[in-house]
Structures are given as C-alpha cells and as structure tokens.
Amino acid sequence: MRLAVEQAAPDGYALAAHLLGNPDDAADALQDAVLRVFGSDSYRPSEGAFRPWFLAIVRNRCLDLLRQRRRHPRLELDETELASDDANPEAAFERDEEASLVAAELAALPAAQREILILREYLDLSYAEIARVLSIPPGTVMSRLHRARSALAARFRERGIR
Amino acid sequence: MTNDQTADCDAIDELLSGLLDGELTQGTRQRVEVHVGGCARCTARLTELKAVHVGVRDLRIAELDRDVWRKMMNDATARTTSGIGWLLLIGGVLAVLGYAAYEWLLADTTPLVKWGVAAIYSGLGALLLGVLRQRWIARKTDRYKDVEI
C-alpha cells in the first residue's frame, strides 16, 4: 500500500496544485488524502486500479477545502519551477514563457474543465479512469473533455498561443 | 462548404477528441479519419485540439518536496500505529475491567464492603474521565497548538 501511495502521490499533488491553486494547499490536501488512505478509506482491489481511486480521494479533499475556504481557485505556478535546465537558454526561455501563458489560460477556465484537462492531458488517464475519478458515467467523459479542450483552444486563439 | 458537409463536421467534431486520445472503436475511428482526410476545416480543428493536448501535457508543475513527502508518510504511519495502539489499549482495559466486575459480583463479601469498593472505583473513574474531557477540550480549542517555537 505504501509503495502504491508513493507512486500515485506526485499525480495527486499535481491535481491538487491545479485545483487549489497553490503548492501549500496542495500539500495539505495530499496529506489529508494520504491519512485517509491509511485510516478510514481502505482500498479494495475490487474497486479497480489504485491510481484513479487515490486521485478521486485527493479530488474530493480538494473540493472540501475549496468549499471550506470559499475562495476562487487560482493557479499560482512558481516561475522558478518552470525554469528549464535546457542547454539552450533562449529556446528554454521561449518554451517556459509559453508554458506560463498556457498555465495562465488553463487557470482561467472553470474548475470542472480544468480538472478534466489535467486528468487527461497532464496525468494521461484513460476515459474509464477519468470517469472513476470524477464519478461520472464513462460515456460523458469524451463530451466533457471536448468542451474543455474547445474552451482552452478558443483562449489560445484569442491570445495567439501556438 | 455545403450544408451537408457542415452537418458532417458538427457530427464529427466531438469525436476528434476521441480520435486524439485513441478512445474510439475501430469503425468510428476509420469514419472520422476518412472525413478528416478530406476536410480542411476538421483537419485544422484537430490541429487546434492537438495544440491544447501538447500545451497542457508539457506544463511543469512544482514537484512535491521530498522532505515534505517523507514527513507526510511518517505522520500517516505514526497515526495508524497510534490508532491501533489505542484500540488495543482500550480493548485490553475493558476486558480486564469486565472480568474484575464479574469477579466482584460473584465475590462473597458483605454488601457494605462491596458497595464501598464500587463507590471508590466509580469515583476514581469519574475523576479520570473529567480530567480527560478537560484535556480534550483544551486541545481542541487551543489556538496556539500549531505554533512552533
């Protein structure tokens, strides 16, 4: 169990960081989720793969925190974290600048669209896994994801990104 | 572009995401690929969706600090161990007390001694519970409990 949690934790943190908007809150949410996994919410293999099950717990905890704090979630990516170790500083700068723009546009989307994009594009979950994390019928994942992609694509068009 | 073509594009649009993610059935995938192959509008749309896919995929998110993670896991282990410890302790105490009460009920002593002993133990138990309750309330309401000096 410990190994499974360790493997899924970076994904949980990434999801929480995007939903909550800052690293400290994300760490809090992840810690709460980890405590639940070792405490009240014990995992049963009959419930499917561990990773989506764990991400669902992280997501629920994030939603609890958002409700408690009643503040609009914002993405606050640390610019230094975007810094690249690329050998070509100019190319790295351009890429990091674009990543910042993408992050800003993503952060401007509604939370429901943002989370499905993170689950699919960033964490590379399948539609079935996304359905499990979001507790929605598998048949609705594609349409919801497509709406989110379309919304972000429209923002890219407006800002001239890519 | 004719009305029929536009209707086809509208019907295909959502499936472009499925195509991009490899989530379509073989038949649907072939149908979409054939349409996209002959439709400039849907080809451009697919390129646009790919740009979103690549843009979000290539984001770099702050990584979880290893020290924070180690502390997190230690906390989880400590809490689990502590929970099991409390469970065993309470279970053991209850079992011993139950057995003592059973023996006490069967003991061949005068009622005065019996009830006197019962009163003493009940009094001690009540005092202990009172102290524990006060400590619990103080712990829950202490605004400075998380302050590190």
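**Where two chains meet: α8(A) on α3(B)**

In this predicted model, R149(A), L152(A), A153(A) and F156(A) of α8(A) meet E48(B), L49(B), A51(B) and V52(B) of α3(B). Local features need pLDDT of at least 70, side-chain atom pairs count only at pLDDT 80 or more, and totals for chains, interfaces and linings use all residues. Residues are numbered from 1 along each chain as its sequence is written, with chains lettered from A and ligands numbered from 1 in the order in which they are written.

Biologist: Are α8(A) and α3(B) roughly parallel or roughly perpendicular?

Modeller: Axes are lines fitted to C-alpha atoms, for helices over the stretch in contact, and angles run from 0 to 180 degrees between N-to-C directions. α8(A), residues 141-159, packs on α3(B) at about 95°, with the axes 9 Å apart. Angles under 35 degrees count as roughly parallel, over 145 as roughly antiparallel, 65 to 115 as roughly perpendicular and the rest as oblique. The two helices are therefore roughly perpendicular.

Biologist: How many residues of chain A are in contact with chain B?

Modeller: Two residues are in contact if their C-beta atoms, placed from the backbone, lie within 7 Å. Chain B brings 28 residues; chain A brings 35.

Biologist: Which helices of chain B each supply at least two residues of the side that touches chain A?

Modeller: Helices (H or I, at least four residues) and strands (E, at least two) are DSSP runs, numbered from the N terminus. The suppliers are α1 (3-21), α3 (40-57) and α4 (66-106).

Biologist: How many helices are in chain A?

Modeller: Chain A has zero strands. Its helix count is eight.

Biologist: How many residues of α7(A) are buried?

Modeller: A residue is buried if 20 or more other C-beta atoms lie within 10 Å of its own, exposed if 12 or fewer, and partly exposed in between; C-beta atoms are placed from the backbone. Helix α7(A), residues 127-134, is mostly covered. Y127(A) and R132(A) are among the buried residues.

Biologist: Which residue just after α7(A) takes a positive phi?

Modeller: The phi is about 55°. The residue is S135(A).
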